[in-house]
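Please read these notes with the sequence and the model open beside them. They are meant for someone who has not looked at this structure before.

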Amino acid sequence: MNGEKFGDKSLLKQKLGRIFLLWVPLVIFLLFLLFPFYWTFVTSLKLPEELHSLKVIYWPQNPSFQAYSHLFGQYNFLHPMKNSLVVAVITTLISLSVSTLAAYAFSRFRFVGRKPLMVLFLTNNMFPTVLLLIPLFTIMRKMGLLYNPASLVLSYTTFTIPFSVWLLTGYLNDLPIALEEAAMIDGANRAQGFLRIVLPLLLPCMLATGVYIFMQSWNEYTFAVLFTNETSRTIPVSLKMLVGQLGVQWDLITAGGIITVIPVCIMFFFAQKRLVAGLTAGAVKG
Amino acid sequence: MDIRRRPREKSTIWPYLLLLPVLIVMLSVVIVPIINAVSMSFQSYNLTKPKKIGYIGLQNYATLLHDPLFWSSLLRTAIWVVFGVGCQFLFGFLLALVLNKQFKGRGVVRAVSLIPWVTPGVLIALMWRWMYDGNYGVINDLLMRLGLIKENIAFLSKPGTAMPSVIVTIVWQGIPFFALMLLAGLQGISYDLYEAASIDGATGWQKLIYVTIPSLRNTIFVTTMLRIIWVANSVDVIFNMTEGGPAYATQTLSVYIYKKASALDMGYASAMAIMLMLVLLLAAIPYLRNTFRDQEG
């Protein structure tokens, strides 16, 4: 760094620098961030006696899928999976369609009340989850929606919609308005311009936003535990239910955890580039 | 920016029509419920005592001011947020600096290191609870092998270790988000700035202090604010690790409110939730001001 750019000494220094400033911290970070997943997976392959052996076992002698078969057999894990899927899909569809229209308005029009509304959407996350949870619970109860998947869908829109509006407005602002203007000069009306020009271009961004909404609703616990019963229970609640009075069934919990995380991870890997770009654009600018 | 400054159509009904669905939904799931919560906070509203439901003025707020658990939970929220978000920032920043270097497989590493962020809070809580286990936990085993401890520690059932343990978990969960945001910020810094600093003879450390951190100011500010709000509100991790115990050692205000709401004492829970919102609003004034300034009318 201090002028001696050539020679063995600086080359050695560079190599050492790369080891200590890149590889060592990188390996430590990855070990820290990923070890819990390894441990979850290993636990799910253990037989009950290995789980509670006094010597901690880092890889089971006979990896077994017994926990998985119990989970789907005795514990009928497909049922909560189906519930979660229904809630997540409906939440995603509603949030996406409503938010896309709103984002288009925010991005393409200047109108009275735009600024306060934008700020309201941006600061929506200031409202504590518990502050919304309490009245939503009493309202759903009065309307007879408690334990109905609709109560979860409605509750989840409280945080998925503001977030999607924010994300989609950002994406739309990056799409040049000239495209629609050109179409409109050619005789298309605004709705046609939106459907034929904007929507196809926005579709990948909508998919990324959709993945995020799906993830949030798939993972949500705080509302779900109060708003569901045995028939409408979602995955996070079912996982917690395996913490029993007599002890915790760690093999089943970890097996369920692995199954829960896999679909989300797959979706996330496909969407992550665009999602990350959208997420960071807002915070990084300026 | 220049695109957005362009004059758009004015005085048409279109934007309002487009916003109508979102406004209807938000009105019914956010605005009305919050008004409802405010009203409940002035009532005795315990669903297990339905006959006693009715307005009691400021009684809930008076109770809250004299509730030592409210104040201690508020203090624990502060500890939870300061240490939780502080360490998330520190380690997230370090990870971002590492990921900002060129190396093979960087894209994959970046994506993989984000996995904790997409993992359900309950699962995170349960995974860590199992790793912290006092009898069969892997963390005890690892620390023992490293010679750092002599006998197993029941991390989550001792008041002294419970809070640090749940904080480690929330830090683990939050590192990826910070790293992601700061990495995007790092990649936006012009290389010229570093070049100029090099010519002036700056060391790597000086570049970090005088170039990197000032350039990231806005990203750090916005991300930290978002995380503070998020961590202060989070219930699922603590609740599923310790339920706020042992002896309230990990009970933050959000967890306390959640427990009151689960016990169906909605009036008192609402009053506390409104206090939590006011505290958060106060803490986030600079963020709100920033947001308001950024949105041109």
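This is a predicted model: local features need pLDDT of at least 70, side-chain atom pairs count only at pLDDT 80 or more; totals for chains, interfaces and linings use all residues.

1. Chain B has 297 residues, of which 42% are buried. Its secondary structure comes to 16 helices and 2 strands. Among contacts in chain B with a separation of 6 or more, 67% are between residues 24 or more positions apart.2. How many residues of each chain take part in the contact between the chains? In chain A the number is 79, and these residues are in contact with 84 residues of chain B. On the chain A side, helix H12 (residues 250–284) gives the largest share, 14 residues. By class, the chain A side that touches chain B consists of 54 nonpolar, 19 polar and 6 charged residues.

2. One helix pair across this contact is H6(A) with helix H15 (residues 266–283) of chain B. Their axes are 8 Å apart, and the packing angle is about 150°. Angles over 145 degrees count as roughly antiparallel, and H6(A) and H15(B) are therefore described that way. The crossing of the two helices is left-handed. From H6(A), the contact is made by Val130(A), Leu131(A), Ile134(A) and Thr138(A). From H15(B), the residues are Met266(B), Ala269(B), Ser270(B), Ala273(B), Ile274(B) and Met277(B). The contact of H6(A) with H15(B) holds 8 nonpolar and 2 polar residues, with no charged ones.

3. A second pair to look at is H7(A) with helix H2 (residues 14–41) of chain B. The axes of H7(A) and H2(B) come within 9 Å and cross at roughly 135°. H7(A) and H2(B) are therefore oblique to each other. Their crossing is left-handed. In H7(A), Leu154(A), Thr157(A), Thr158(A), Ile161(A) and Val165(A) meet residues of H2(B), namely Val22(B), Val25(B), Met26(B), Val29(B) and Val30(B). The contact of H7(A) with H2(B) has 8 nonpolar and 2 polar residues, and no charged ones.

4. Which residues have the most contacts inside the largest nonpolar core? They are Ala102(A), Ile134(A), Ile257(B), Met272(B) and Ala273(B), in a core of 153 residues. Helix H9 (residues 159–187) of chain B supplies the largest share of this core, 15 residues. Ile134(A) and Ala273(B) also belong to the contact between H6(A) and H15(B). Leaving out residues up to four places away in sequence, Met272(B) touches Leu64(B), Phe70(B), Leu253(B), Tyr256(B), Ile257(B) and Lys260(B).

5. Some backbone angles deserve a check. Most residues other than glycine have a negative phi, and most peptide bonds are trans. In the loop between helix H13 (236–241) and helix H14 (253–262) of chain B lies Pro246(B). The peptide bond from Gly245(B) to Pro246(B) is cis, with omega near -10°. Ala247(B) is also placed in the loop between H13 and H14 of chain B. Ala247(B) is not a glycine, yet its phi is positive, near 50°. Is Ala247(B) buried or exposed? Ala247(B) has 11 other C-beta atoms within 10 Å, and the limit for an exposed residue is 12 or fewer. Ala247(B) is therefore exposed.

6. A positive phi is found in chain A as well, at Tyr147(A), where the value is about 70°. Tyr147(A) lies in the loop between helix H6 (129–143) and helix H7 (149–174) of chain A. H6(A) packs with H15(B), and the axis of H7(A) crosses that of H2(B). Tyr147(A) counts as partly exposed because it has 18 C-beta neighbours inside 10 Å.

7. Ala111(B) has 15 other C-beta atoms within 10 Å, so it is partly exposed. Which residues is Ala111(B) in contact with, leaving aside its neighbours within four places in sequence? They are Phe269(A) and Gln272(A). Within chain B, the C-alpha atoms of Ala111(B) and Leu58(B) are separated by 50 Å, and the two residues are 53 apart along the chain.

Conventions: Residues are numbered from 1 along each chain as its sequence is written. Chains are lettered from A and ligands numbered from 1 in the order in which they are written. Two residues are in contact if their C-beta atoms, placed from the backbone, lie within 7 Å. Helices (H or I, at least four residues) and strands (E, at least two) are DSSP runs, numbered from the N terminus. Ala, Val, Leu, Ile, Met, Phe, Trp, Tyr, Cys and Pro count as nonpolar, Asp, Glu, Lys and Arg as charged, and the others, Gly among them, as polar. A nonpolar core is a set of buried Ala, Val, Leu, Ile, Met, Phe, Trp, Tyr and Cys residues joined through C-beta atoms within 7 Å. A residue is buried if 20 or more other C-beta atoms lie within 10 Å of its own, exposed if 12 or fewer, and partly exposed in between; C-beta atoms are placed from the backbone. Axes are lines fitted to C-alpha atoms, for helices over the stretch in contact, and angles run from 0 to 180 degrees between N-to-C directions. Angles under 35 degrees count as roughly parallel, over 145 as roughly antiparallel, 65 to 115 as roughly perpendicular and the rest as oblique. A crossing is left-handed if the near helix is turned anticlockwise from the far one by less than a right angle, and right-handed if clockwise.
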